[in-house]
Amino acid sequence: KREVPLFVLERHEEPRLFLGFRETFPAEGASVYIRIQGGDSSPAHNNSFGTPLFSETLPSGPRLINLAWEYWNGRLWTSLAVNDYTDYLHESGFIEFMPPPDMHTKKEFGKNLIWLRLRFVSGSFEKKPRITGILTNAVYARNAVSHTRETAGSGTGGPGQSVSPLHGPLLPGIVLCVNEGSIPPAREIENMKAEGIEEPYYAEGENIWVRYTEVPNFYSSGPQSRHFTVDYAEGKIYFGDGWRGMNPPRGKFNIQLASYVTGGGEKGNAAPGTLRILSRSIPFVAGCDNPFPAEGGADRETVDSLKARAAGVFKSLKRAVTAEDFEWLAREASPSVARAFCLAEKNRRGEIRIIVIPRPPSGSPPEEKLTPSRELLRRVRAYLDEHKLVGTKIRVEEPVYRGFSVQLTLTLKSGVLDSQRIKKKITENLRAHFHPLTGADGSGWEFGRAVSSGAVLKQLEKTSGILCVDETSLFDEDAGVIVEKIVLKDDELPFLAETRITDRRSGE
């Protein structure tokens, strides 16, 4: 993967990033998508302003970075007002702007183009960001299919009625209307507007279609509450019993799904370069492509998984206060979260740090590092923001893996004919023991727990066919030396990079 540095730092020159375009931007608005991949912390580089551009020291409070977007108006560089959805180049997103009418071409780097310039003004980055892609003519896409004006069924007037949409699996955002034949009373209309429905009803000939609202349950619903619940696992929509939630009135085909969306799941995580065919022709669009992999898709949670986290959900009551609450709610944010860990100490910015380990895709090899996608981190952060106490600052991160290798010299029993099978079994046992999800006692290796030779020897005892273990050593991949013990920080996990096994009997 090709990485492009944001700025080339010069001793006597202000750092700048230039983007050149051959054609003018459309007058109705333009956008540029910038793909950011966070890099490792870098030592501070002083510039001519005496302010570190990249700093390992974490500032307190809001981001202390000032960047300015500019364009060439024919005479000088002028400030360009933008909507920056990259959070000052801290995450991937769009830069949106209205092209000024006085944009002119300019010769830079030997090319006469329309130039945008990003200029570093002051401040510092906590981590050195890297650009992995800059795209125009780009839009966000999701694995979803929209359906409109679908007749869902007929009202019976009885309690507890349910209907089933024709398509599935269902995604949130169902718009459901019921033809009640008359306009609801003024007080009920006001109640519907208070629930966020701007247009509670609309007329279509003699039909009066009234909008109903999705709720998680009917506990707060009354006899006049036009509510419904959705069982996303079964793909069914349920109405109230007349006392808790209104019954749709009796009528023929008077329940309509004005719009709903289906899709999602792990199968939507498409690999890059696989979406190249338009399902229908669009004016002025010749083709399409997805240069980056799709992220964030997860299958429905299993009953066993729900049982495993049910106790934590009831204990936290949807409010994050303790470290355990943050861990349970992080798992509640998405079925893709397999494990979450909240560090006991805040960082230097006063943020509570939550580390997320994703659920591995089906069929993924055990030797791969489990790293969450940026979309999963964003989803967990957004969910925790809704449930944290006011004023609490949080930071959702990926785990830090400390790579190590195991070097073994052993003697196999004389009756062992297939030594390669024994070596493969040893490697599998060690990977499972140090795994972040299944390691140690089966719940995953603990954050910050050191790795010792004794832990390796204990796993070798479980493998039959070994006569004796002559030598065991640990190699620290980061430090490049053999050590007695791999000492981990509180936010680190071990990662077994390689197992080197020598059999004294054969010399292999």
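Apart from its neighbours within four places in sequence, Thr229 touches Val215, Pro216, Asn217, Phe218, Lys236, Ile237 and Tyr238. Thr229 belongs to strand S16, which covers residues 227-231. Its relative accessibility in this predicted model is 11%, so Thr229 counts as buried, the cut-off being under 20%.

Asp418 falls in another class. Its relative accessibility is 41%, and Asp418 therefore counts as partly exposed. Asp418 sits in the loop that runs between strand S22 (400-412) and helix H5 (419-433). Gly465 is 47 residues away from Asp418 along the chain, yet the C-alpha atoms of the two are separated by 9.9 Å.

The aromatic rings come next. A pair of aromatic rings is described by two quantities, the distance of the centres and the angle of the planes. The model has 16 aromatic pairs. One of them joins Trp72 and Trp77, with 5.6 Å centre to centre and 70° between the planes. That angle makes the pair edge-to-face, because planes over 60 degrees apart are classed in this way. Are Trp72 and Trp77 buried or exposed? Trp72 has a relative accessibility of 14% and so counts as buried; Trp77, at 18%, counts as buried too. Both tryptophans belong to a cluster linked by ring pairs, in which Phe18, Phe109 and Trp115 also take part.

Rings also meet charged side chains. Arg35 lies over the face of Phe292, 4.4 Å from the ring centre. Over the ring of Phe495 sits the charged end of Lys369, at 5.1 Å from the centre of that ring.

How many cavities of 30 Å³ or more does the model have? The count is one, and the volume of the largest cavity is about 110 Å³. By class, eight of the lining residues are nonpolar, one is polar and three are charged.

Open spaces are treated separately. The second largest pocket has a volume of about 310 Å³. Its lining is made up of 13 residues, and Phe25, Pro26, Ser31, Thr136 and Asn137 lie nearest the centre. The lining of this pocket divides into six nonpolar, five polar and two charged residues.

Methods
Residues numbered from 1 in each chain as written. Predicted model: local features only at pLDDT ≥ 70, side-chain atom pairs only at ≥ 80, totals over all residues. Heavy atoms only, no water. 1 Å grid on protein atoms, 1.4 Å probe; cavity = no way out; pocket = protein on both sides within 12 Å on 5 of 7 lines; lining within 4 Å. Points joined across faces, edges and corners; volume = space filled by probe spheres on them. Nonpolar A, V, L, I, M, F, W, Y, C, P; charged D, E, K, R; others polar. Helix = DSSP H or I, 4+ residues; strand = E, 2+ residues; numbered from the N terminus. Buried < 20%, exposed > 50% of the residue type's maximum accessible area, 1.4 Å probe, protein only. Contact = heavy atoms within 4.5 Å. Phe/Tyr/Trp six-rings, centres within 6.5 Å; stacked < 30°, edge-to-face > 60°. Lys NZ or Arg CZ within 6 Å of the ring centre and 35° of its normal.
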